[in-house]
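Open the model in your viewer, with the sequence panel beside it. The tour goes from one selection to the next and says what is there at each stop.

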Amino acid sequence: MDYFTLFGLDPVYAIDREKLTQRYQELQRQYHPDRFATQSEQDKMQALQQAATINSAYQSLRHPLKRAEYMLSLHDYDINNEQHTMHDTAFLIEQLELREELDTIENSPQAETLLTQFLSNVAQMIASRMALMEQQIAAKNWEQAADTVRKLRFLDKLQQQAQQLEERLFDDF
């Protein structure tokens, strides 16, 4: 059973997050391992496996990028386990330049100000690519959506690294 069916949702990118959360809580109550404490070992194991599946499904559908990756996997694009090489040279160069910029910011006397601007720029890049990805998924352009998701993963990792730097800088104050 796919994750959308598990939560009673239409298999579309723009999901009803409130319905997702409500259904998750219902399923968690239904399959919580404590409810099976007096059952057979087999029933306990099945409840535990079901609870794990529910948690995994919820995490996948709850996060926009993970949801896109999951939708792509339903159409035979396994972003997590692929050995696909990025062929967009301009994007790769941009990523190298952004990483160099982040390294420069770390050693700058104006690190806090520069990092705030850097994070804002990265957030705008992510928002732009997310909008593009949503359009591609809605149009069922899976190959293009997969390429955009790969790029979003780069940007997401860059954003996480910048946020970690921000935490280290604030820890120093």
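Begin by selecting Ser-60, which is found in helix H3 (residues 41–62). Helices here are DSSP runs of H or I with at least four residues, and strands are runs of E with at least two, numbered from the N terminus. Ser-60 is buried, with a relative accessible area of 15%. Buried means under 20% relative accessible area, exposed means over 50%, and partly exposed is in between, with a 1.4 Å probe and protein chains only. Now show what surrounds Ser-60: leaving aside neighbours within four places in sequence, Ser-60 is in contact with Tyr-3, Lys-66 and Arg-67. Contact means heavy atoms within 4.5 Å.

Before going on, note that this is a predicted model, in which local features need pLDDT of at least 70 and side-chain atom pairs count only at pLDDT 80 or more, while totals for chains, interfaces and linings use all residues. Residues are numbered from 1 along each chain as its sequence is written, and side-chain values use heavy atoms, with hydrogens and water left out.

**The whole chain**

Clear the selection and switch to a cartoon view. The chain has 7 helices and 0 strands, in the order α-α-α-α-α-α-α along the sequence. The radius of gyration is 20 Å, well over the 16 Å that the globule rule gives for 173 residues, so the chain is more spread out than a compact globule. That radius is taken over C-alpha atoms, and the globule rule is 2.2 Å times the number of residues to the power 0.38. The C-alpha trace spans about 60 × 45 × 30 Å along its principal axes.

Of the 173 residues, 34% count as buried. Among contacts with a separation of 6 or more, 68% are between residues 24 or more positions apart.

**Salt bridges**

How many salt bridges does the structure hold? There are 6 salt bridges, each defined as a side-chain nitrogen of Lys or Arg within 4 Å of a carboxyl oxygen of Asp or Glu.

Select Glu-26 and Arg-23. They form a salt bridge whose closest N and O atoms are 3.3 Å apart. Both residues lie in helix H2 (residues 17–31), 3 residues apart, about one turn of the helix. Glu-26 is partly exposed at 37% relative accessible area, and Arg-23 is partly exposed at 27%.

Move to Glu-106 and Arg-168, whose side chains meet in a salt bridge (3.2 Å, N to O). Glu-106 lies in helix H5 (residues 89–106) and Arg-168 in helix H7 (residues 142–172), so this pair ties together parts that are 62 residues apart in sequence. Glu-106 is partly exposed, with a relative accessible area of 35%; Arg-168 is also partly exposed, with 41%.

Stay on helix H7 and select Lys-151 and Asp-147, both in that helix, 4 residues apart, about one turn. Their side chains form a salt bridge of 3.1 Å, N to O. Is Lys-151 buried or exposed? Lys-151 is buried, with a relative accessible area of 7%, whereas Asp-147 is partly exposed at 25%.

**Two loop residues with positive phi**

Select Asp-76, in the loop between helix H4 (64–73) and H5. Asp-76 is not a glycine, although its phi is positive, about 65°. Asp-76 is exposed, with a relative accessible area of 74%.

Then go to Lys-140, in the loop between helix H6 (111–138) and H7. Phi of Lys-140 is near 60°, again a positive value in a residue other than glycine. Lys-140 counts as exposed, at 57% relative accessibility.

**Last stop**

Step back into helix H6 and select Ala-123. Ala-123 is partly exposed, with a relative accessible area of 34%.
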